[in-house]
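Subject: Structure for your review

Dear colleague,

Please find below the structure that I am handing over to you. My notes on it follow directly after.

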Amino acid sequence: MANHAAVLALFCTISSILGPVTCRATTATSTDSSAPSPAPSSPSSDGESFIVQGKVYCDPCRIQFPTKLSYPVPNTKVVLRCRERESGTETTKIEGKSDANGMYNIAATGDHEEEICDVRITESPDSKCPEVMDDESSARVSLTDKNGVRGKIRMANPIGFMVKEIDPRCKEILAEIGITGI
């Protein structure tokens, strides 16, 4: 079972780079027990409930996806918002904060099948990485049990910020993954 969980985790990581993806939680545990998972940012109540999990990172290469040089951005305010599809009226707004590892957990209640929900960041607490990314400042999440996604954990794609000046090590790192001419 651990191998299946590792494959699923790898798939979710790779898929998150390629585009929006919602992965269901597994029973696998992290080998790093020194880094506790952050507590949900709001309490759960009766009815449907979900935990939105994700990571906030800094992109030192300004390519707007995580690389080996990317690093977590702790203490970032992350906002989960849901809005009606037709009118755009906001129905839910819950704030959370990333932990020391850039990870966040935001608890949400209720079925949001007919709504568009996303997590969003707006301001970096890291002065060395101040710019909000164009493509990765928000990530859409599905908060319903009625779309075939099982479980209460919803994994959001990584969201983040960029440095102002590209790290000189980026050219080599990007060449390793087949990106040249930068």
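I begin with a contact between a charge and a ring: the charged end of lysine 152 is placed over the ring of phenylalanine 50, at 5.2 Å from the ring centre. Please bear in mind throughout that this is a predicted model.

Overall architecture

The protein chain has 2 helices and 10 strands. Along the sequence, these elements follow the pattern α-β-β-β-β-β-β-β-β-β-β-α. Of the 182 residues in the protein chain, 41% are buried.

Strand pairing

An open sheet is built from 4 strands, which come in the order β4-β3-β6-β8 and pair in the antiparallel sense. Its edge strands are β4, covering residues 90-97, and β8, covering residues 138-141; each of these pairs on one side only. On average, and with direction ignored, neighbouring strands of this sheet are turned by 20° against each other. In general, strands of a sheet pair through backbone hydrogen bonds, in either a parallel or an antiparallel arrangement.

Within this sheet, strand β6 (residues 115-120) is joined to β8 by 4 bridges in the antiparallel sense. Cysteine 117 faces valine 141 of β8 across this pairing. Cysteine 117 returns below as a partner in a disulfide.

A further antiparallel pairing links β1 and β5, over 7 bridges. Here glutamine 53 stands opposite asparagine 105, a residue of β5. Strand β5, which spans residues 103-109, is mostly covered, with 5 of its 7 residues buried.

Disulfides

How many disulfides does the structure hold? There are 3. I take them in turn.

Cysteine 58 is joined to cysteine 129, with an S to S distance of 2.0 Å. This pair ties together parts that are 71 residues apart in sequence, because cysteine 58 belongs to strand β1 (residues 49-59) whereas cysteine 129 lies in the loop between β6 and β7 (131-132). The link of cysteine 58 and cysteine 129 is right-handed, with 100° about the S-S bond. Cysteine 58 and cysteine 129 are both buried.

Cysteine 61 is bonded to cysteine 170, again with a stated S to S distance of 2.0 Å. Which hand does the disulfide of cysteine 61 and cysteine 170 have? The torsion about its S-S bond is about -90°, so the disulfide is left-handed. Both cysteine 61 and cysteine 170 are buried.

Cysteine 82 and cysteine 117 form a disulfide in which the sulfur atoms are 2.1 Å apart. The two residues are 35 apart and link distant parts of the chain, cysteine 82 being in strand β3 (residues 77-84) and cysteine 117 in strand β6. With 110° about the S-S bond, the link of cysteine 82 and cysteine 117 is right-handed. Cysteine 82 has a relative accessible area of 1% and is therefore buried. Cysteine 117 likewise counts as buried, because its relative accessibility is 1%.

Two loop residues

Serine 70 belongs to the loop between β1 and β2. Is serine 70 buried or exposed? Its relative accessible area is 19%, so serine 70 is buried, given that the limit for this class is under 20%. The side chain of serine 70 also reaches the backbone nitrogen of threonine 67, at a distance of 2.9 Å.

Asparagine 75 is located in the loop between β2 and β3. Its relative accessibility is 48%, and asparagine 75 therefore counts as partly exposed. The C-alpha atoms of asparagine 75 and glycine 102 are separated by 7.4 Å, and these two residues are 27 apart along the chain.

With kind regards

Note on methods:
Residues numbered from 1 in each chain as written. Predicted model: local features only at pLDDT ≥ 70, side-chain atom pairs only at ≥ 80, totals over all residues. Heavy atoms only, no water. Pairing = 2+ DSSP bridges. Axes fitted to C-alpha atoms, helices over the stretch in contact; angles between N-to-C directions. Disulfide = S-S within 2.5 Å. Buried < 20%, exposed > 50% of the residue type's maximum accessible area, 1.4 Å probe, protein only. Lys NZ or Arg CZ within 6 Å of the ring centre and 35° of its normal. Polar contact = N/O pair within 3.5 Å; in protein donor to acceptor, adjacent residues only side chain to side chain.
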